[in-house]
Each structure stands twice: as structure tokens, then as C-alpha cells.
Amino acid sequence: MNAIKIKELVKKYDKFTLGPVDVEIPQGMIIGLIGENGAGKTTLIKAILNIIYPACGTVEFSENIKKEDIGIV
């Protein structure tokens, strides 16, 4: 079962476009995002947490996962 499922997520800025991103994170999995500066790591996290709104695509949470159950360091 997936805790988070991201499908065809796209976020556009003037000089940067993230995506499309397709990711499935299994329940109980601990993940890390690794990439160069400007690769879109923070943008993806903000989209997951609904801090920014993507141009298109979806972020779905499992029924038993709440956003407050997600830890960001």
C-alpha cells in the first residue's frame, strides 16, 4: 500500500518547471530527496504539503496518512 502517490505533477515558474513527476512512496518507507541546487526538491515537498499548488497533477495520501504524520528535516 502506498502512503503517498504523486501522479503527473507539474509546477511552473518563470524560469523553472518541475515535472512531470510520478512517484509512489510505500507506507512505512523513509525517503530522502537528493539532487543539485535548483532541481526541484523543495518545490516537490511544498507541493506534497499543499504549500504551493501545481499547474497539474495530483498528490494522493493513503486513508490512514495525514499531512501532520509527515516529517520534514
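Me: Which elements each supply at least two residues of the lining of the largest pocket?
Reply: The model is predicted: local features need pLDDT of at least 70, side-chain atom pairs count only at pLDDT 80 or more, and totals for chains, interfaces and linings use all residues. Numbering starts from 1 along each chain as its sequence is written, and side-chain values use heavy atoms, leaving out hydrogens and water. Helices (H or I, at least four residues) and strands (E, at least two) are DSSP runs, numbered from the N terminus. Each supplying at least two lining residues are β1, β2 and α1.

Me: Is Thr43 buried or exposed?
Reply: Thr43 sits in helix α1. Beyond four places in sequence, Thr43 contacts (heavy atoms within 4.5 Å) Lys11, Tyr13, Phe16, Leu18 and Ile52. Buried means under 20% relative accessible area, exposed over 50%, partly exposed in between (1.4 Å probe, protein chains only). At 11%, Thr43 is therefore buried.

Me: Over the face of which residue does Lys11 lie?
Reply: A charge counts as over a ring if NZ of Lys or CZ of Arg is within 6 Å of the ring centre and within 35 degrees of the ring normal. Lys11 is at 5.2 Å from the ring centre of Tyr13.
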